[in-house]
Amino acid sequence: MKTFKDGLVFLNGKFVKKDFAIDNNGKITFKISKGVKAEDLKGKKVIPSLFDLHTHTRCPGQEYKEDFDHITKAASHGGFSEICAMPNTKPVADNEAIIDYIVLEAEKFPRCKIYPFGSMTVNLEGKKLSRMGLMKQSGAIGVTDDGMCIQNTSTMVKAMQYASTHDLFIMDHAEDINLSSQGQVNEGETSYKMGYGGIPEIAETTVILRDIELSRYLEIPIHITHVSTKRSAELILKAKADGVQVTFDITPHHLSFTEKDCLGFNTDFKVNPPLRNEKDRKFLVDLVKRGKVDAIATDHAPHAEFEKEFAFNNAPFGISSLDTAFVLLYNTLTIKAKIPLEKWIEFISSKPRNLLKLPQKELKEGVMANFFIFDSEKKWKINADDIFSKGKNNPLIGKILNGKIINTYFRGKKVY
Ligand SMILES: [Zn+2]
């Protein structure tokens, strides 16, 4: 039995001062005997663990970027108990053998649970459909061709229908690659100043419109990941109001940074979709404030140091963000935009679990202890050693942030 006292425990949408304990079976209990030795959590917040819809685990096949050991450490360090693994591994997770491998390997690192996504098409080529039914039986929770959006609409129709017959969650990275190819940053002033091709907003919105129409026509739900502009979000909100079963998520970096951050040629700000302008960023933050988003997802995309050391136009896209996503959100949403933590925490915990029809992680009597302890008063400078992911491509290194995760518990055990 491990007892905690005076913490601010997140219960039914509010922080309440409460003592609690983890019993010998790893379960939460509020029945505490008086006078027992307890860890003092005065002023610290106790929050049910987070959920990430969009993590690039890179394994199997690209262990030089990330491996199961590091990804599970980064997840627990970031307060996550569950992460969804994207299928752009090597080989691609387009068949049941790879899904089996991910499920079995992940269990060797019991710091968080990994839910694998399968690809929609073989080798992410956008042509032949992958073995979705068999992948589902092996434990795939959803499908996506993330990073390699299916360009052929007829193939997308078949992929959605096939996924739907197996009740697989469908997630799309909306990008028309003929419009975005050669682009390095958001199209506009920044791409002009940097001398690079731009990635226009229409590369995203045209595919979102296609997906909305397919979802409406087929009556199959679709989730659009990492929505990056005001216009994209407006199109989805309008479709939702019309009854289309479309949902979306936003990343912590699109809520926190803009294209201007790329002007210093720091490749750690190079992401796809690109960081957009301040008008877009503000609109997305406002959507969170109004409770209009379905989820916040990290799009954790670790790379090896040498890859991000290439010139901006040759460096790969992606931010390693699992370690710091929650703390960055706390700084952006709560400290800067004054949105209380209790108003946005659901977007990175209960809401994505609902989208995937998964059970919730709550701090309730008799449930398995899955939570993290957050010191919102602590200021700290982030060093490369504070990034537990193998990918150090995190633009927050060297920056001072408010709020630090102190410990994380998974299935009753301290994992960070
Ligand atoms: Zn993507």
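Student: Which residue of β8 is the bridge partner of E82?
Tutor: In β8, that partner is K113. Before we go on, this is a predicted model, in which local features need pLDDT of at least 70, side-chain atom pairs count only at pLDDT 80 or more, and totals for chains, interfaces and linings use all residues. Residues are numbered from 1 along each chain as its sequence is written, and side-chain values use heavy atoms, with hydrogens and water left out.

Student: What makes something a strand or a helix here?
Tutor: Both are DSSP runs, numbered from the N terminus: a helix is H or I over at least four residues, and a strand is E over at least two. Strand β7, for instance, covers residues 80–85.

Student: How do you know that β7 and β8 pair?
Tutor: Count the bridges. Two strands pair if DSSP finds at least two bridges between them, and β7 and β8 (residues 113–118) have 4, in the parallel sense. So they pass the test.

Student: What about β6 and β7, and which residues face each other there?
Tutor: Those strands also run parallel, with 4 bridges joining β6 (residues 50–55) to β7. D52 has I83 as its bridge partner, and F51 stands opposite E82.

Student: Why is the unit of β6, α1 and β7 called right-handed?
Tutor: Picture the strands pointing away from you: a crossover is right-handed if the path from the first strand over the helix to the second runs clockwise. The β-α-β unit of β6, helix α1 (residues 68–77) and β7 is classed as right-handed, which means its path runs clockwise in that view.

Student: What makes β6 and β15 edge strands?
Tutor: The sheet is open, with 8 strands in the order β6-β7-β8-β9-β10-β13-β14-β15 and parallel pairing. At its edges, β6 and β15 (295–296) each pair on one side only.

Student: Why is S76 called buried?
Tutor: Buried means under 20% relative accessible area, exposed means over 50%, and partly exposed lies in between (1.4 Å probe, protein chains only). S76, in helix α1, has 1% relative accessibility, so it counts as buried. Strand β7 is mostly covered too, with 6 of its 6 residues buried.

Student: How do you know what S76 touches?
Tutor: Contact means heavy atoms within 4.5 Å. Not counting residues up to four places away in sequence, S76 touches R111, T408, V415 and Y416.

Student: What makes D146, H173 and H226 donors of the zinc ion?
Tutor: Donors are N, O and S atoms within 2.8 Å of the metal (3.2 Å for Na, K and Ca). The atoms here are D146 (OD), H173 (ND1) and H226 (NE2), lying 2.1 to 2.2 Å from the zinc ion, so they meet the cut-off. Water is not among the atoms, so sites may look incomplete. The donor spacing in sequence is D-x26-H-x52-H. D146, in the loop between β9 (142–143) and α4 (153–165), and H226, in the loop between β13 (222–224) and α8 (230–241), are 80 residues apart, and the pair links distant parts of the chain.

Student: Are D146 and H226 buried or exposed?
Tutor: D146 has a relative accessible area of 4% and H226 is at 2%, so both are buried.

Student: How do you know that the length of α8 is close to what is expected?
Tutor: The expected span of a helix is 1.5 Å times one less than its number of residues. With 12 residues, α8 reaches 16 Å from its first C-alpha to its last, close to the 16 Å expected.

Student: Why do we say that the buried residues of α8 line one face?
Tutor: They are S232, A233, L235, I236 and A239. Seen down the axis of α8, they fall within an arc of 160° (taken from the directions from the helix axis to the C-beta atoms), so they line one face of the helix. These residues pack against α7 (202–218), β13, β14 (246–250) and α10 (278–289). On the other side of α8, K238 and A241 are exposed.

Student: What makes Q182 stand out, and why is it called exposed?
Tutor: Its phi is near 80°, a positive value in a residue other than glycine. Q182 sits in the loop between α5 (177–180) and β11 (183–186), and its relative accessible area of 68% is over 50%, so Q182 is exposed.
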